[in-house]
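Could you have your viewer ready and follow along?

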Amino acid sequence: AVVGASVRIVDSAATTAAHVEEELTRLGILRMGAAGRSRFLTTDNKDRFVRTGSLFLGSPLRNSDVELVDL
């Protein structure tokens, strides 16, 4: 309503996810329904990342899920 009908708003996260799914399907490596594993990298305080990430994700992160990297 603010920008008018001629402006198309794109959800970049949804668009990226759709393209990733297409590419994985094209390569024959898409794994639907398989349990995955999350791994997080941080360049800052690892403990703070675990606390903050848990809040953002809505579920607890384990310290072992986070790796401190030095750039």
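Here is a short walk through some salt bridges and their surroundings.

Before you click, note that this is a predicted model, in which local features need pLDDT of at least 70, side-chain atom pairs count only at pLDDT 80 or more, and totals for chains, interfaces and linings use all residues. Residues are numbered from 1 along each chain as its sequence is written, and side-chain values use heavy atoms, with hydrogens and water left out.

How many salt bridges does the structure hold? There are four, where the term means a side-chain nitrogen of Lys or Arg within 4 Å of a carboxyl oxygen of Asp or Glu.

**Stop one.** Select Glu67 and Arg39, whose side chains form a salt bridge at 2.9 Å, N to O. Glu67 sits in strand 2 (residues 66-68) and Arg39 in the loop between helix 1 (12-27) and strand 1 (40-42), so this pair ties together parts 28 residues apart in sequence. Helices (H or I, at least four residues) and strands (E, at least two) are DSSP runs, numbered from the N terminus. Now show the surface: Glu67 is partly exposed at 35% relative accessible area, while Arg39 is exposed at 54%. Buried means under 20%, exposed over 50%, and partly exposed in between (1.4 Å probe, protein chains only).

**Stop two.** Next, pick Arg48 and Asp44, which meet in a salt bridge at 2.7 Å, N to O. Arg48 is partly exposed at 40%, and Asp44 is partly exposed at 46%.

**Stop three.** Finally, select Asp65 and Arg62, joined by a salt bridge at 2.9 Å, N to O. Is Asp65 buried or exposed? Asp65 is buried, with a relative accessible area of 10%, whereas Arg62 is exposed at 52%.
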